[in-house]
Amino acid sequence: MFYREAGQFKTSYVADSQIFPIRQDRIGMVLLLAVAFVIIPLTGSEYWFSAILIPFLVFALAALGLNILTGYAGQLSLGSAAFMAVGAYAAYNFQLRIEGIPILLSFILAGCCAAAVGVLFGLPSLRIKGFYLAVATLAAQFFVVWALTKFSWFSNDSSSGVISTQKIDFFGIAINTPVKKYLFVLGIVCVMAMLAKNLVRSSTGRAWMAVRDMDVAAEVIGIQLMKTKLLAFAVSSFFCGVAGALYAFCYLGSVEPDGFSLDLSFKILFMIIIGGVGSILGAFLGSAFILLLPIFLDNVLPPLASFFHLPFTNATVSHIQLMVFGGLIIFFLIVEPHGLARLWQITKEKLRLWPFPH
């Protein structure tokens, strides 16, 4: 009743191929953006902006990049954190060494640097795939961290490799408060999410999905495997590079190479597994779930343990979080491989028929 499509006629190809062809989706998206851009900045606290909303958007952007590569192109990668590190350090160096360069241009160039590194480590995908490709991309994780630590030029001759990012100036506006940083990150993430959505709906996205489903058949029908795979690595790394720059400039303010560890790459991988592989929405759902679940467990487990007189410590809570993450990943891989995004899609399909059974 509330999600009925009756009476919504599409009289042109443009109307049929728009991103949100259903009126309820368009209204819902407008309301969601209004809440994100207007209501939350007026009512949220600094803790929510600094500790929850900004990292949620940053990790959602990184998960979006990995989802393009793994979910749409079918290429496994365990080097997402490495590409984020490239973006963070590249943006820092562009701001440091080019006087007066706009911050947005620094982020774009940082994404291009990450894309170049991604293409370099994506070359093995032309010969290997599956688990072997994942191991090959794992080399990027160790090589990038080693290079940033070994060559002090990247960190402006810092012995430990730690960098403190510069102040953000957006066309004369100082981005120096949590609310302004949140709005800045939100604007960039919305634009890049829209670009990703249009990209996967284009001929390039269809080529990625053809390679994902069966690369031999894709090559037979004329899709160039080398160009398609390397483009997927480039676009994915570009998104991760911009996410790394936002991670350094808008979230932490000071980063080190060891902060972009293998654990961060796995964390981003868990986001797309739980949120939904091959889904733009899944990147945001997975990021929200991974970030909010530890906060929920931190607030629920200690009172629950004290109620049942259980000797819970902080280490015990951390171990339970890891156990819950592992159990959820196994659950989604077995029960619903397409994650939370598929559950939302099923809900919408049921709402189209409710309250009728057929």
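Which residues touch the most other members of the largest nonpolar core? In this predicted model, local features need a pLDDT of at least 70 and side-chain atom pairs count only at pLDDT 80 or more, while totals for chains, interfaces and linings use all residues. Residues are numbered from 1 along each chain as its sequence is written, and side-chain values use heavy atoms, with hydrogens and water left out.

A nonpolar core is a set of buried Ala, Val, Leu, Ile, Met, Phe, Trp, Tyr and Cys residues joined through side-chain atoms within 4.5 Å, where buried means under 20% relative accessible area, exposed over 50% and partly exposed in between, with a 1.4 Å probe and protein chains only. The largest such core has 90 residues, of which Leu61, Phe107, Phe184, Leu246 and Phe260 touch the most other members. Helix H3 (residues 46-72) gives this core its largest share, 16 residues; helices (H or I, at least four residues) and strands (E, at least two) are DSSP runs, numbered from the N terminus. A second, separate core has six residues, among them Ala207, Val211, Ala218 and Leu225.

Contact means heavy atoms within 4.5 Å, and Phe260, leaving aside its neighbours within four places in sequence, is in contact with residues including Ala81, Met84, Gln141 and Val255.

Two helices can be set side by side, with the expected span taken as 1.5 Å times one less than the number of residues.

| Helix | Number of residues | Span between end C-alpha atoms | Expected span |
|---|---|---|---|
| H5 (residues 103-122) | 20 residues | 28 Å | 28 Å |

In H11, Leu264, Ile268 and Met271 are among the buried residues, and the partners of the buried residues of H11 include H3, H4, H6 and helix H12 (280-307). Just after H11, Gly276 takes a positive phi of about 140°.

The chain as a whole has 14 helices and four strands. Its radius of gyration, taken over C-alpha atoms, is 21 Å, close to the 21 Å from the globule rule (2.2 Å times the number of residues to the power 0.38) for 358 residues, so the chain is as compact as a globular protein of that length. Buried residues make up 44% of the 358 residues, and residues 24 or more positions apart account for 75% of the contacts with a separation of 6 or more.
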